[in-house]
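Dear colleague,

I am handing over the structure that we spoke about, and you will find it just below.

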Amino acid sequence: MSDKLSGPVQWRHPPANRWLYCPTCQTGLVDQIWDGVSRRYCPHCGFVYWERPLPAVAAVISHPDAADQVVLVKRRYPPEQGEWTLPGGGIEAGESSIDAAIREAREETGLIIVVDSQLGTWSTPNYETIITFYRSHPVGGQLEAGTDAVEARWFMVGQTPRLAFSTHQDALERFRGNLNQELP
Ligand SMILES: [Zn+2]
């Protein structure tokens with residue numbers, strides 16, 4: 001992604017009632033019941049706006065010598081600009097979720113990671129995204145803030161700042177809980 005942005009970036013889908021015109025033929029959309037749910041429908045070309053969360057991933061990257069240290073990144077762009085999160089982002093078309101996690105980690109932290117296991121999948125409270133978190137560790141690269149981050153660094157898992165998104169906070173707390181169970 002280019003880091004020379006001239007305007008705001010809106011990656012969230014607006015709610016269904018704000019979809020007024022068909023994105024392909026510009027006819028006014030109408031409400032139509034599908035599976036018991038009212039959806040925005042184009043009576044001209046048949047376009048249906050399926051209101052679904054955008055798929056995303058994030059990585060909990062553990063230090064190879066100290067599993068209780070993880071990488072956080074400080075966000076370069078809104079929303080929550082300047083706040084800390086786990087490295088992650090949207091899954092591109094045709095990409096597997098694991099490949100997306102590996103790519104996002106490389107882009108945001110400079111680290112080449114290997115995914116160890118799936119930590120869990122959460123929907124954001126506003127249903128905008130559905131995000132899968134992976135446990136991982138680095139096998140190469142150099143830690144440095146990438147395209148979407150202004151800073152990337154290791155934190156002790158018990159001493160992390162409050163993360164920008166509740167899903168990231170929940171995932172990190174599950175990671176910490178699992179870690180405590182594994183430690184002797
Ligand atoms: Zn249409």
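In which sense do E1 and strand E2 (residues 37-41) pair, and over how many bridges? Before the answer, please keep in mind that this is a predicted model. The two strands pair in the antiparallel sense, and 5 bridges join E1 to E2. Within this pair, Trp34 stands opposite Val37, which belongs to E2. If the idea of pairing is new to you, strands of a sheet are held to one another through backbone hydrogen bonds, and they may run parallel or antiparallel.

E1 and E2 belong to an open sheet of 3 strands, in the order E1-E2-E3, with antiparallel pairing. Strand E1 (30-34) and strand E3 (48-49) are the edge strands of this sheet, each of them pairing on one side only.

Turning to the chain as a whole, you will find 2 helices and 10 strands, and from the N terminus on the elements run β-β-β-β-β-β-β-α-β-β-β-α. The domain assignment divides the chain into domain 1 (16-49) and domain 2 (54-158), and the C-alpha centres of these two domains lie 35 Å apart. Along the principal axes, the C-alpha atoms fill a box of roughly 60 × 40 × 30 Å. The chain has 184 residues, of which 28% count as buried.

The largest nonpolar core is made of 32 residues, and those with the most contacts inside it are Val57, Ala59, Val60, Ile61 and Ala171. Several elements give two or more residues to this core, among them strand E4 (54-63), helix H1 (97-109) and helix H2 (166-182), while the largest share, 6 residues, comes from E4.

A contrasting place to look is Pro79, which is found in the loop between strand E5 (66-75) and strand E6 (84-85). Is Pro79 buried or exposed? Pro79 is exposed, because it has 12 other C-beta atoms within 10 Å, and a residue counts as exposed when that number is 12 or fewer.

With best wishes

Definitions and conventions. Residues are numbered from 1 along each chain as its sequence is written. This is a predicted model: local features need pLDDT of at least 70, side-chain atom pairs count only at pLDDT 80 or more; totals for chains, interfaces and linings use all residues. Domain bounds come from an automatic or database domain assignment. Two strands pair if DSSP finds at least two bridges between them. Helices (H or I, at least four residues) and strands (E, at least two) are DSSP runs, numbered from the N terminus. A residue is buried if 20 or more other C-beta atoms lie within 10 Å of its own, exposed if 12 or fewer, and partly exposed in between; C-beta atoms are placed from the backbone. A nonpolar core is a set of buried Ala, Val, Leu, Ile, Met, Phe, Trp, Tyr and Cys residues joined through C-beta atoms within 7 Å.
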